[in-house]
Amino acid sequence: MGMLDNFNKQSLRKQHKETRLKMNQKNKHKKDRKIFEQVIKTESFNRSDVVLTYVSTDIEVNTHDIIKYSIKLGKKVAVPLSDKKTFQMSFYFINSIKNLKLGNFSILEPDINSAKLCDCSKLKNSICIVPGLVFDTNGYRIGYGKGYYDRFLNKFNGISMGLCYNYDLLPIIPHDKHDVPLDIIITENDIIALREE
């Protein structure tokens with residue numbers, strides 16, 4: 001990836017972050033609800049025994065309802081804890097949103113005394129719900145620039161699912177060889193399956 005692509009990534013990241021910050025909260029809630037309904041009707045979600053998911057911040061597609069609903073269905077739910085020194089991410093199982101506490105980057109994180117997911121490569125029937133600011137129709141995403149999810153997804157054998165608003169989905173975005181494309185992109189309007197569910 002060249003300098004121009006790096007510049008474009010930064011520009012897109014900034015632009016879409018600003019758009020989300022200006023989003024009307026009532027409108028956001030409606031879009032979040034539609035995305036939730038799209039997620040829970042996918043075969044990948046319904047077939048999954050384990051749901052790995054980010055815990056949403058105010059500018060991200062809300063995952064709190066997905067977490068609660070998954071737990072209610074009896075699925076195992078794990079959420080990430082990021083290590084700022086190594087730029088690695090580990091997932092820990094939770095039984096409730098109430099198990100979370102404010103951690104790095106002002107994100108709700110699991111207690112390290114919770115059960116840790118030790119080997120994601122052996123997971124069967126699992127999905128990983130991935131955050132991002134911009135996505136494209138080939139499954140590539142622009143996140144926050146730290147690379148946590150790309151490193152994790154390189155070892156993950158389940159279905160990866162990106163959530164975004166319709167205006168965050170572009171035909172193509174810059175990416176490099178380290179970026180891992182996702183299997184499914186979900187917006188309030190569409191489910192784009194890029195790999196067989």
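Residues are numbered from 1 along each chain as its sequence is written. Because the model is predicted, local features need pLDDT of at least 70 and side-chain atom pairs count only at pLDDT 80 or more, while totals for chains, interfaces and linings use all residues; side-chain values use heavy atoms, with hydrogens and water left out.

The protein chain contains five helices and 12 strands. Helices (H or I, at least four residues) and strands (E, at least two) are DSSP runs, numbered from the N terminus. The radius of gyration of the chain is 16 Å, close to the 16 Å that the globule rule gives for 197 residues, so the chain is as compact as a globular protein of that length. This radius is taken over C-alpha atoms, and the globule rule is 2.2 Å times the number of residues to the power 0.38. Along its principal axes, the C-alpha trace spans about 45 × 35 × 35 Å.

The accessible surface of the protein chain is about 10,500 Å², and carbon and sulfur atoms account for 49% of that surface. Such areas come from the Shrake-Rupley method with a 1.4 Å probe; for residues, only the protein chains shown count as cover. Of the 197 residues, 48% are buried. Here buried means under 20% relative accessible area, exposed means over 50%, and partly exposed lies in between (1.4 Å probe, protein chains only). Contacts, defined as heavy atoms within 4.5 Å, can also be sorted by separation in sequence. Among contacts between residues at least 6 apart in sequence, 68% join residues at least 24 apart.

The next element to follow is a sheet. Seven strands form an open sheet in the order S3-S2-S1-S6-S9-S11-S12, and their pairing is mixed. Two strands are said to pair if DSSP finds at least two bridges between them. At the edges stand strand S3 (88–94) and strand S12 (191–193), each of which pairs on one side only. On average, neighbouring strands of this sheet are turned by 25° against each other, direction ignored. Within the sheet, strand S6 (residues 126–130) and strand S9 (residues 159–163) run parallel and are joined by four bridges. Cys 128 stands opposite Ser 160 in S9. Helix H4 (residues 64–72) packs on the sheet, where the helix touches strand S1 (50–53), strand S2 (76–83), S3, S6 and S9; the direction of H4 makes about 140° with that of S2. For such angles, axes are lines fitted to C-alpha atoms, for helices over the stretch in contact, and the values run from 0 to 180 degrees between N-to-C directions.

Strand S1 also pairs with S2 in the parallel sense, over three bridges. Val 51 has Val 77 as its bridge partner in S2. From S1, Val 50 and Leu 52 point one way, whereas Val 51 and Thr 53 point the other way, and all are buried.

Ile 67 counts as buried, with 1% relative accessibility. Apart from neighbours within four places in sequence, Ile 67 is in contact with Thr 53, Tyr 54, Val 55, Val 77, Val 79, Ile 94 and Ile 97.

Charged side chains come next. Side chains of opposite charge can pair when their charged atoms come close. A salt bridge is a side-chain nitrogen of Lys or Arg within 4 Å of a carboxyl oxygen of Asp or Glu, and the structure holds nine of them. In one, Asp 168 joins Arg 20, with the closest N and O atoms 2.9 Å apart. Asp 168 lies in the loop between S9 and strand S10 (169–170) and Arg 20 in helix H1 (residues 3–21), so the pair ties together parts that are 148 residues apart in sequence. Asp 168 is buried at a relative accessible area of 0%, and Arg 20 is buried at 3% relative accessibility.

Another salt bridge joins the side chains of Asp 32 and Lys 28 (2.8 Å, N to O). Because these two residues are four residues apart in helix H2 (residues 25–40), about one helical turn separates them. Both Asp 32 and Lys 28 are buried.
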